[in-house]
Amino acid sequence: MQKLLRLVHPTAATLPALAVVAFVFLATSCGPAFLDAHRSAIASRSSGSWLPRVETSAAAAARRVPKGCDIFRGEWVPDDGEDAAGVAPYYTNLSCPLIQEHQNCMKYGRPDRGFLRWRWRPDGCELPRFDAAAFLDVVRNTSLAFVGDSIARNHMQSLMCLLCKVAYPKDISSTSHPEFRTLHYESHNFTLAVFRSPFLVRANQSDHGDRLWHLHLDEPDRAWVAGIAGFDRVILSAANWFNRPSVFHQAGRVLGCHNCQVPGVPELSREHSLRMAFRTVLHSLSSDAVGFNGTVIVRTLSPTSHFEGGEWNKGGDCRRTRPYAANETRMAGLDLDFHTVQVEEFARAKAAAEAAGRAMRLVLMDTTTAMLLRPDGHPSRYGHWPHEKVTLYNDCVHWCLPGPIDVWNEMLLQMLLPDAM
């Protein structure tokens, strides 16, 4: 079945404001096939959403977790390998030039390597290492989009680095905007894309002094909704930006705000805005209006709680060099509140879709617990040279590449393998 994958140009409402760090997509490659950076057309042949097909050899040979094992609950254990140095990382900043500069911890002098020598072990089973050949076999003739904030890009770049050992993508983006990229793995006819949408719903930032965000909680962001119909799978994620002072709009009127300090506007919680945004977006994806009939993978939030010694803009940092043990910390505060909202809205949307007999499939990718235990995996100050005159806060939100975030793609492969049978 031929599907046209359309990538729209972003509107001003979707462009990111100055965040914890500035992000620029690297227009470099894993190899010589990464060409044609501003190609205007994109067309991909797809086999359809999650249809049964003959399993190819690499996917058939891939190691799988036992049925019933919850890969999202477990602990980090030393990855000792065959010697005391442990198993080498999947890639480095030298073998994968696709790493976002501000997550390129090795390049910018992070002195320790111990944070790379841990693996995630689910309770009751072992999580196999990532198999790039098997992953590309599973996604052959399909398409995958990442929708969310800069952590969605962090996730996608981890995947691209992991796949570099097997195949190189070609940039076929219809826009030169670095936050909206589309890439094609010609050897497997696999299309990969990222759509920048930190709130998932329509959002504008005030031009005047208060710089408040205005969130239209009942309107999905057109910058990604308009281009998502042809995709087989979409990984949806958002949370961190809902911390910002914002005014909430619904049905054409002001509903309330978070920390806006506007007279007469009632204060509502950040959890309310996150809940309504997810409810709107998941309902829209299951409706006929959007035209999406693939699989939505809802990835839960990346922890916001790893700053120590102050808040993100008040000297907070994350200088730990090893994971927490499972009994050393627990999900609490904003992390717990946001996670609860996401899990509840996922369950609500899944039940509604099943009751209505809709084609869209919903899957939960619950990575929060595993990442809560990895305060050692962030760039901190190692996202730029010490002598550079840049205004950057210590980054305890994004993840070093290589680093703990690579486990997300180990998990993703296990989630996809059953559908290759």
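Helices (H or I, at least four residues) and strands (E, at least two) are DSSP runs, numbered from the N terminus. The model is predicted: local features need pLDDT of at least 70, side-chain atom pairs count only at pLDDT 80 or more, and totals for chains, interfaces and linings use all residues. Residues are numbered from 1 along each chain as its sequence is written, and side-chain values use heavy atoms, with hydrogens and water left out.

View A. Seven strands make up an open sheet with mixed pairing, in the order β6-β7-β8-β5-β11-β14-β15; two strands pair if DSSP finds at least two bridges between them. The edges are β6 and β15 (361-365), each with a single partner strand, so one side of each has no neighbour in the sheet.

View B. Strand β5 (residues 143-148) is joined to strand β11 (residues 233-236) by four bridges, and the two run parallel. Across this pairing, Phe146 stands opposite Ile235, and Val147 is opposite Leu236. With strand β8 (residues 190-196), β5 pairs in the parallel sense over six bridges; here Leu144 faces Leu192. Strands of a sheet pair through backbone hydrogen bonds, either parallel or antiparallel.

**View C. Burial of β5.** Six of the six residues of β5 are buried, so the strand is largely enclosed by the rest of the structure. Buried means under 20% relative accessible area, exposed over 50%, and partly exposed in between (1.4 Å probe, protein chains only). Ser143, Ala145 and Val147 lie on one side of β5, with Leu144, Phe146 and Gly148 on the other, and both faces are covered.

View D. Helix α8 lies across β11, β14 and β15 and runs at about 145° to β15. Contact means heavy atoms within 4.5 Å. Axes are lines fitted to C-alpha atoms, for helices over the stretch in contact, and angles run from 0 to 180 degrees between N-to-C directions.

**View E. Crossing of α3 and α8.** The axes of helix α3 (residues 150-163) and helix α8 (residues 406-416) come within 9 Å and cross at roughly 75°. The two helices are therefore roughly perpendicular, a term for angles of 65 to 115 degrees (under 35 is roughly parallel, over 145 roughly antiparallel, the rest oblique). From α3, Ile151, His155, Ser158, Leu159 and Leu162 meet Asp406, Trp408 and Asn409 of α8. By class, this contact has four nonpolar, three polar and one charged residues; Ala, Val, Leu, Ile, Met, Phe, Trp, Tyr, Cys and Pro count as nonpolar, Asp, Glu, Lys and Arg as charged, and the others, Gly among them, as polar.

View F. Ser380 sits in the loop between α7 and α8. Its phi is positive, about 55°, although Ser380 is not a glycine, and at 5% relative accessibility Ser380 is buried. Ala251, in the loop between β12 (246-250) and β13 (253-258), has a phi near 55° and is exposed, with a relative accessible area of 64%. Pro402 is in the loop between α7 (368-372) and α8, and a cis peptide bond with omega about -5° joins Leu401 to Pro402. Most residues other than glycine have a negative phi, and most peptide bonds are trans.
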